[in-house]
Amino acid sequence: MPVPLYQAKAEFFRTLGHPARIRVLELLQDGPRPVRELLAEIDIEASSLSQQLAVLRRTQLVTATRDGNTVVYALSTPDVSELLRTARGILTDMITDQGLLLEQLRADTAAADDRGADAARPSTDRTLLA
């Protein structure tokens with residue numbers, strides 16, 4: 001029985017659910033890189049990077065070619081770069097919306113604080129002073 005499309009999509013996005021995998025994909029947007037360069041850019045152990053690269057290979061998001069003793073990784077398709085750009089755009093919009101909401105909350109809090117301060121001030125009604 002074939003896997004439903006929504007389940008395949010969920011598996012695909014789970015593959016992207018590790019920060020090291022995302023960082024590898026980001027670095028590979030600039031072109032193929034040997035493992036030693038990836039390791040220098042990502043603050044994880046070599047064995048952990050190897051595991052993450054294996055996951056990306058299994059899901060065919062990256063390809064690996066051997067050049068002598070060096071293994072060079074590359075994105076399997078330019079669509080991966082497009083996916084990362086789209087994700088960046090979505091996050092930018094979300095953060096912008098959250099920033100606007102935060103500004104509104106701060107303005108509402110300041111207005112409420114001002115109303116509270118006004119209520120706490122003694123009355124300066126002129127009729128009481130006469």
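From the N terminus on, the elements of the chain follow the order α-α-β-α-α-β-β-α-α, which amounts to 6 helices and 3 strands. Helices (H or I, at least four residues) and strands (E, at least two) are DSSP runs, numbered from the N terminus. The model is predicted, and local features need pLDDT of at least 70, side-chain atom pairs count only at pLDDT 80 or more, and totals for chains, interfaces and linings use all residues. Residues are numbered from 1 along each chain as its sequence is written, and side-chain values use heavy atoms, with hydrogens and water left out.

The overall dimensions were computed from the C-alpha atoms. These atoms fill a box of roughly 100 × 40 × 25 Å along the principal axes. The radius of gyration of the chain is 27 Å, whereas a compact globule of 130 residues would have a value near 14 Å. This radius is taken over C-alpha atoms, and the globule rule is 2.2 Å times the number of residues to the power 0.38.

Of the 130 residues in the chain, 22% are buried. Buried means under 20% relative accessible area, exposed means over 50%, and partly exposed lies in between (1.4 Å probe, protein chains only). The chain exposes about 9700 Å², of which carbon and sulfur atoms supply 56%. Accessible areas come from the Shrake-Rupley method with a 1.4 Å probe; for residues, only the protein chains shown count as cover. Among contacts in the chain with a separation of 6 or more, 50% are between residues 24 or more positions apart; contact means heavy atoms within 4.5 Å.

In soluble globular proteins, nonpolar side chains tend to be buried together. A nonpolar core is defined here as a set of buried Ala, Val, Leu, Ile, Met, Phe, Trp, Tyr and Cys residues joined through side-chain atoms within 4.5 Å. The largest such core has 17 residues, and Val24, Leu25, Leu28, Leu38, Val62 and Tyr73 touch the most other members. At least two residues of this core come from each of α2 (19-28), α4 (46-58), β3 (70-75) and α5 (78-120). Helix α2 supplies the largest share, 4 residues. Apart from neighbours within four places in sequence, Val24 is in contact with Leu38, Ile42, Leu49, Leu53 and Leu56.

Thr15 is found in helix α1 and counts as buried, at 8% relative accessibility. Not counting residues up to four places away in sequence, Thr15 touches Arg21, Val55, Leu56, Thr59 and Leu61. Leu16 is placed in the loop between α1 and α2 and is also buried, at 15% relative accessibility. With neighbours within four places left aside, the contacts of Leu16 are Ile22, Leu25, Leu61 and Leu83. Gly17 is found in the loop between α1 (5-15) and α2, but this glycine is exposed, with a relative accessible area of 61%. From Gly17 to Gln51 the C-alpha distance is 14 Å, at a sequence separation of 34 residues.

Gln60 is found in the loop between α4 and β2 (62-67). Its relative accessible area is 61%, so Gln60 is exposed. Most residues other than glycine have a negative phi. Phi of Gln60, however, is positive, near 65°.
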